[in-house]
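Please look over the structure below before reading on. The report then takes its parts in turn.

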Amino acid sequence: MIEAFRDLLRIPTVSTRDAAAWDHAAFDAFLEALKRHFPRLHELPLTRVGRHGLLFHWAGTSSAKPIVLMAHSDVVPVEGEWTHPPFDAVVEDGIVWGRGTLDCKGSLVAICQAVEDLLAAGHTPTQDVWLSFGCDEEVAGDAAPLAVEELRRRGVTPWFVLDEGGAVAYDAFPGVEKPIAVIGVTEKGITSLELRVDGRGGHASTPAPLGPTARLARAITRLDRSPMRASAPDATVELFRRAAPHAKPPMRYALTTAVRSRALLTRLLLAAGPESAAMARSTFAVTTLSGSPAMNVVAATATAGVNIRILVGDTMAGVIRHVRRVIKDPQVRITVIDEGEPSPSSPLDDAFDLLADVTSAHFPEALTSPYVMMAATDARHFTKISERVYRFTPFEMTKRQRESIHTNDEHITVDAYLKGVAWYGSLIKSLPAA
């Protein structure tokens with residue numbers, strides 16, 4: 001199992017927004033290696049989605065309640081200093097080091113291994129199982145939407161969809177020693193705006209007052225000082241309600257009191273720092289800036305990129321109205337670059353209970369809870385065909401590991417990976433009969 005995983009980690013399937021910069025040969029090599037390591041899986045009906053996406057269909061004894069298991073093969077570019085080379089898949093002291101171990105080749109290969117093992121054992125699932133493996137999730141590509149359209153064309157309405165997301169998280173809350181297995185039942189929307197100011201430009205020796213860069217800076221400052229209203233979503237309230245009894249005093253008393261009042265919980269989240277505050281409001285991050293091409297030239301145009309994560313309960317239209325209102329400057333042109341509403345919240349019904357039960361069986365020490373996922377996943381596209389879309393990666397992760405995602409020294413323990421393989425196998429074997 002580990003050698004197959006390592007072999008696939010070594011293939012640098014890096015996606016970028018610059019299509020010309022893609023190493024498509026690496027993606028082709030990944031698909032060939034996947035076929036070599038999981039031959040039984042590749043005997044199932046397979047549809048190619050886009051250039052490198054895959055959609056497998058494993059027919060069950062019933063198609064009444066089909067499920068979709070998701071992951072993606074692409075990884076983000078390498079940055080920072082690494083303890084071990086990011087594409088060497090070094091195993092040291094029971095740890096596998098490498099880009100993609102957690103996001104998200106770990107999930108993809110674990111799913112493939114679980115299915116391969118069940119096929120070898122002659123297992124037939126009680127319900128249809130679809131495996132949707134994207135190839136451009138990190139750049140918000142079209143593989144996932146194309147997979148959705150293919151399933152819609154075939155008349156498939158999944159009982160539930162499971163993508164990457166939460167984990168069996170250690171060090172999740174101060175004062176709570178138990179790991180918390182967080183299952184995302186929704187995710188924030190993503191919208192990107194460009195703020196642009198045009199002017200005359202000119203020589204830096206004779207600057208006019210409130211030129212493009214100064215006007216843009218004022219707009220950014222106004223936006224930074226005027227956050228949107230805050231409110232803890234239902235899933236966040238439920239997460240803290242479940243965690244409260246397991247916290248040590250005095251945190252237990254604080255959480256127990258807070259979950260009785262949404263307003264109080266919201267205030268606590270806002271006071272606890274930026275990570276907690278992001279759980280209670282839509283956020284604005286100015287990520288790119290451009291102005292003059294030279295030190296002695298007044299910019300004729302100044303631009304800023306704003307990445308917005310929209311809280312469940314807010315809307316893209318409401319967010320843009322807020323931006324216009326707080327900037328209060330018609331000379332700052334606002335253009336929507338990317339748009340995406342928050343995902344609908346999935347119910348805590350029998351599908352969620354199945355995920356929770358399998359998790360409890362494999363991680364009995366963990367507390368299982370719903371939560372709101374802060375980042376974006378391909379799962380958001382599947383809400384068009386299923387009302388139950390969940391986000392959970394069945395790997396144990398420390399805080400350090402979670403912080404390594406999209407940065408340097410990404411890693412997973414061998415034991416956590418093998419537990420993840422077993423979790424996916426149990427989930428498939430536990431599907432209910434028609």
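## Pairing strands

Two strands pair if DSSP finds at least two bridges between them. In general, strands of a sheet pair through backbone hydrogen bonds, either parallel or antiparallel. This is a predicted model.

Take strand S3 (residues 67-72). S3 pairs with strand S6 (residues 129-134) in the parallel sense, over six bridges. In S6, Trp130 is the bridge partner of Val68. S3 is also joined to S7 by three bridges, and these two strands run parallel. Two facing pairs can be picked out here. Phe160 in S7 is the bridge partner of Ile67. Leu69 stands opposite Leu162 in S7.

## How covered is S3?

How many of the six residues of S3 are buried? The count is six of six, and S3 is mostly covered. Both faces are involved. On one side, Ile67, Leu69 and Ala71 are buried.

Strand S7 spans residues 160-169. Nine of its 10 residues are buried, and S7 is mostly covered.

With strand S16 (residues 389-397), S7 pairs in the parallel sense over six bridges. Here Asp163 stands opposite Arg391 in S16. With strand S8 (residues 180-187), the pairing is antiparallel and runs over two bridges. Ala169 stands opposite Ile180 in S8.

## A three-strand sheet

Another sheet is open and has three strands, in the order S4-S5-S17. Its pairing is antiparallel. Which strands stand at the edges? They are S4 and S17. Each has a single partner strand, so one side of each is left without a neighbour in the sheet.

S5 and S17 run antiparallel and are joined by three bridges. Ile412 in S17 is the bridge partner of Val96. Helix H13 packs on this sheet and touches S4, S5 and S17. The direction of H13 makes about 75 degrees with that of S17.

## Helix H1: enclosed

Now turn to the helices. Helix H1 covers residues 2-9. Is H1 largely enclosed or left open by the rest of the structure? Six of its eight residues are buried, so H1 is largely enclosed. The buried residues are Ile2, Ala4, Phe5, Arg6, Leu8 and Leu9.

What covers the buried residues of H1? The cover includes the helices H2 (24-37), H3 (105-120) and H13 (414-429). It also includes the strands S4 (91-92), S5 (95-97) and S17 (411-413). The three strands of the open sheet, S4, S5 and S17, therefore take part in covering the buried residues of H1.

## Helix H6: mostly covered

Helix H6 (residues 234-243) is mostly covered too, with seven of its 10 residues buried. These are Ala235, Thr236, Val237, Glu238, Leu239, Phe240 and Ala243. They pack against helix H7 (251-258) and helix H8 (262-271). They also pack against two strands, S8 and S15 (367-373).

## Where H5 meets H10

Helix H5 (residues 212-224) packs with helix H10 (residues 316-327). Their axes are 8 Å apart, and the angle is about 120 degrees. Angles of 65 to 115 degrees would count as roughly perpendicular, and those over 145 as roughly antiparallel. H5 and H10 are therefore oblique to each other. Their crossing is right-handed.

Which residues meet? H5 brings Ala219, Arg222 and Leu223. H10 brings His322, Val323, Val326 and Ile327. Of the residues in this contact, five are nonpolar, one is polar and one is charged.

## A closer look at Thr283

Thr283 lies in strand S11 (residues 283-290). Is Thr283 buried, partly exposed or exposed? Its relative accessible area is 25%. Buried means under 20%, and exposed means over 50%. Thr283 is therefore partly exposed.

Leaving aside residues up to four places away in sequence, Thr283 touches Lys188, Ala278, Asn307, Ile308 and Arg309. Ala232 is 51 residues from Thr283 along the chain. The C-alpha atoms of Thr283 and Ala232 are separated by 14 Å.

Conventions. Residues are numbered from 1 along each chain as its sequence is written. This is a predicted model: local features need pLDDT of at least 70, side-chain atom pairs count only at pLDDT 80 or more; totals for chains, interfaces and linings use all residues. Side-chain values use heavy atoms; hydrogens and water are left out. Buried means under 20% relative accessible area, exposed over 50%, partly exposed in between (1.4 Å probe, protein chains only). Helices (H or I, at least four residues) and strands (E, at least two) are DSSP runs, numbered from the N terminus. Contact means heavy atoms within 4.5 Å. Axes are lines fitted to C-alpha atoms, for helices over the stretch in contact, and angles run from 0 to 180 degrees between N-to-C directions. Angles under 35 degrees count as roughly parallel, over 145 as roughly antiparallel, 65 to 115 as roughly perpendicular and the rest as oblique. A crossing is left-handed if the near helix is turned anticlockwise from the far one by less than a right angle, and right-handed if clockwise. Ala, Val, Leu, Ile, Met, Phe, Trp, Tyr, Cys and Pro count as nonpolar, Asp, Glu, Lys and Arg as charged, and the others, Gly among them, as polar.
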